[in-house]
Structure formats: C-alpha cells, structure tokens
Amino acid sequence: MFLKSTLRQNPDLIRLAVNLHRDGQIGPNTYVIDRDAVGANSRHLAETARRHGLSLYFMSKQINRNPELVRTIAAEIPRAVAVDWDEATVLAAAGVRLGNVGHLVQPPARVLDALADLAPEVVTVFSVAKARAIGEAAARRGRVQPVLLRVAEAGDASYPGQYGGFQLADLRGVVPELLNLPGIRVAGVTSFPCLAFDAETQRAAPTANLWALLQARDVLRQEFGLQGLQLNAPSLTSCATIPYLASMEVTHGEPGHALTGTTPLHAVTEQPEVPAAVYISEVSHLYGGKAYCFGGGLYPRSRVQAALVGHDPDRLWQVPAEPLPADAIDYYGTLVPAADQPVAVGDTVVYAFRMQAFTARSSLAVVSGGHLVGLYDQVNRPVGDLVPDGRRPS
C-alpha cells in the first residue's frame with residue numbers, strides 16, 4: 001500500500017532494512033521503524049496543531065507501544081491516548097503522560113484503582129455503570145476524574161468489535177445521572193471514526209459520527225450548561241485534516257498512522273509526514289508458481305498489493321501480493337512472481353502497509369542515522385546485545 005510513497009520519500013529506510021536482513025542483524029517478521037522520521041512527523045503534527053489551536057493525544061498501538069518510539073513522539077506531543085489498559089501501563093512506565101484512556105477499549109473493573117493512580121487527563125466511558133465505577137475509584141483517592149462520553153448513534157460508522165456508547169436519544173435522560181455521580185466530571189464527548197478516507201475522491205471525509213458528536217456537544221452545552229467541553233474526534237488525524245477539524249470546533253485529535261506516514265492519504269498523495277515503517281520478511285519456499293514468505297505481522301485490513309523482493313538493495317523486484325482470506329492465520333504471505341522475476345528461497349521481502357503491530361507476533365527494529373539502534377520482541381523486550389542507543393555493551 002505504501003511501497004511507492006516509501007520509495008519516493010524514504011528510500012534509505014528500504015535500503016537499510018534490506019541490508020540489516022542480509023547481514024543477519026534482523027530476521028523475517030520484523031517491523032523496521034525510522035525513529036528520525038517518526039520524530040520529524042511528530043514535530044510537523046505538533047506544529048500544525050498549535051497553529052490551528054488543536055490539542056493532540058498520540059496513539060501508539062500501531063508501533064506496538066514501543067517505549068523508545070513513544071518517548072520520541074512524546075518529546076513533541078506530550079500526552080498519549082491508550083487504546084486499552086495494557087497500553088496505558090506501558091506508556092506510563094515509559095514516562096509518557098496519559099491523555100485519554102478507555103477509548104477504544106474500556107478499562108476493566110480490576111484496574112480502576114490503578115487507573116485512578118495514573119490520573120489520566122480524561123477517561124472515555126461507554127455507560128453509566130462504568131462511569132460510576134471510575135468515579136468511585138477516583139473518589140477513594142480524593143480525586144475527580146474528567147470523563148468523555150462516547151457517542152454511538154445507531155447507523156453511525158463503526159468497525160466490527162468496536163460497538164458501544166451513548167445514543168443521542170438517551171443523552172437527555174442519562175446526563176443528569178452522570179452529573180450526580182461522585183468522583184467524575186463530564187468533560188466532553190468523543191466518537192470513532194469521525195473521519196474516513198473516501199476512495200472515490202481520494203480525500204478525507206467526515207462520517208456520521210462527527211455530526212452526532214457535534215449534536216451531543218450541543219445538548220450538553222444548551223440543556224445542561226456545560227462549558228469548555230472537549231470535542232475529541234479521532235481517526236485520520238494528520239497535518240492534512242487538522243485544519244478541517246479545527247474549523248468544525250473540534251478541540252482534540254488523536255494521530256496514530258500519521259506518525260509513521262501510513263494513513264490512506266499517504267498512499268495516494270505526498271503529505272508532510274513521510275513514510276517511516278516497513279515490514280521485512282524472507283522467502284521461505286516456492287510452491288505452485290508462487291513464493292511464500294514468513295508471516296506473523298501481516299494485517300488483514302492492510303490492503304497489501306505488492307512487495308519488493310531480492311537480495312541486493314539496488315536490484316529489488318516488485319512482486320504482486322495475494323491477499324490472505326479473512327479466516328487464514330498468517331503463517332506465510334503469498335507472492336506471485338512473474339516468469340522473468342528470479343525470486344529465490346532466502347530472498348529478502350519488503351512490505352509497506354498499514355500495520356497494527358500490537359496485534360502481531362513480530363519483532364520491532366528501531367533505526368536512526370542509518371543504523372540499527374534497538375531490536376525488540378513482540379512484548380518490547382530488548383533482543384540480542386544491542387542497548388537502546390545502539391551501542392554494544394563493552
């Protein structure tokens with residue numbers, strides 16, 4: 001999906017990743033992330049948001065919440081959104097301040113006291129019951145926890161497995177109960193996704209969720225007198241969409257794939273954020289005219305179309321990729337080389353797609369200044385004898 005844009009805007013990343021694999025420094029099933037590009041992308045996003053009066057929480061699930069990378073991002077965008085409780089704990093351990101917790105995944109009951117100790121800026125809630133439990137934990141610590149109400153109007157855009165929230169028709173009856181709960185303060189509203197990529201126009205477009213969000217904010221303002229509300233509108237937050245979000249009076253965005261230059265916009269147009277990630281594999285075997293490469297990090301919704309294959313970074317073949325069916329485990333990725341493409345067992349394979357590293361069983365390599373500076377397993381434990389700054393212990 002991002003091969004062309006990566007070749008055009010960050011070809012050195014591809015060259016370095018291939019050389020690292022050829023030298024045996026990284027294996028197949030490894031995401032290779034350009035820390036310098038991630039830092040520059042974070043800076044562009046932060047500066048654009050400041051110009052337009054928007055606040056940002058950064059999302060890190062797509063880079064597997066890697067501590068080294070999240071600290072790089074936090075130098076420009078200080079607060080993060082945690083997709084789930086595991087991410088909240090990893091971010092906090094890395095010294096990153098928590099902006100939004102609970103969206104997309106609600107914190108479970110057993111962690112609410114620990115969540116209160118972390119004191120996130122806001123917690124997103126899907127129900128009165130969860131708001132009550134969060135408030136009780138906060139009150140036990142003498143705190144009041146600001147919460148965002150997730151708005152989930154029937155018929156809105158949503159992804160399977162991500163349903164939940166307050167419907168507009170129910171707000172007027174629910175808000176009085178929420179306002180009377182100890183330990184919480186209704187601080188705003190959120191939904192997801194609020195923007196989506198329109199394949200026909202090749203641009204970002206608002207979803208029905210954004211309009212529902214605006215209506216929910218107006219109910220809180222006009223009928224309950226709540227002011228200074230956060231209007232948090234995540235999905236596709238990037239330098240290209242921040243001006244539009246600001247024009248709609250959105251107060252907060254949550255960039256994720258913009259940090260690695262891998263939103264759908266980056267596949268079709270050149271953006272300020274440059275591609276900063278590739279996925280390295282290796283041809284395992286040839287069978288039935290197809291080449292099979294090691295998997296483990298291929299994401300079903302990544303829309304992979306092709307990969308670069310070869311053993312020389314100056315001579316790589318672009319080979320069509322065959323998508324896996326939804327019910328397949330990605331033991332292998334499938335490539336379909338042409339008759340004149342001499343693909344061989346052991347060749348390096350370079351993918352560039354919309355990754356979700358937190359769902360994978362992959363290693364993650366951090367590169368900077370043309371060198372490997374960190375190699376981590378799937379739960380971010382350092383691998384081998386590299387220490388985080390790239391030096392080898394004496």
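**Reading local features in a predicted model**

User: Where does I329 lie in this model?

Analyst: The model is predicted. I329 lies in the loop between β16 (315-322) and β17 (332-335).

User: Which residues form a nonpolar patch on the surface, and with how much accessible area?

Analyst: I329, Y331 and Y332 form it. Together they have about 320 Å² of accessible area.

User: Which residues does a cis peptide bond join?

Analyst: F192 and P193, with omega about -5°. P193 sits in the loop between β8 (184-190) and β9 (195-198).

User: What is the phi of N29, and where is N29 placed?

Analyst: Phi of N29 is near 65°, a positive value in a non-glycine residue. N29 is in the loop between α2 (11-22) and β1 (30-34).

User: What about L236?

Analyst: L236 is not a glycine either, yet has a positive phi of about 65°. Its loop runs between β11 (230-232) and α10 (242-247).

User: Is L236 buried or exposed?

Analyst: Buried means under 20% relative accessible area. L236 has 11% relative accessibility, so it counts as buried. N29 is at 11% too, so N29 counts as buried.

User: With which residue does the side chain of E223 make a polar contact?

Analyst: With the side chain of R172, at 2.8 Å. Separately, E223 and V175 are 48 residues apart in sequence and 9.9 Å apart in space, C-alpha to C-alpha.

Definitions and conventions. Residues numbered from 1 in each chain as written. Predicted model: local features only at pLDDT ≥ 70, side-chain atom pairs only at ≥ 80, totals over all residues. Heavy atoms only, no water. Patch = residues over 30% accessible without salt bridge, like charges linked within 9 Å, V, L, I, M, F, W, Y side chains within 5 Å. Areas by Shrake-Rupley, 256 points an atom, 1.4 Å probe, with all protein chains shown as cover. Salt bridge = Lys/Arg side-chain N within 4 Å of Asp/Glu carboxyl O. Helix = DSSP H or I, 4+ residues; strand = E, 2+ residues; numbered from the N terminus. Polar contact = N/O pair within 3.5 Å; in protein donor to acceptor, adjacent residues only side chain to side chain. Buried < 20%, exposed > 50% of the residue type's maximum accessible area, 1.4 Å probe, protein only.
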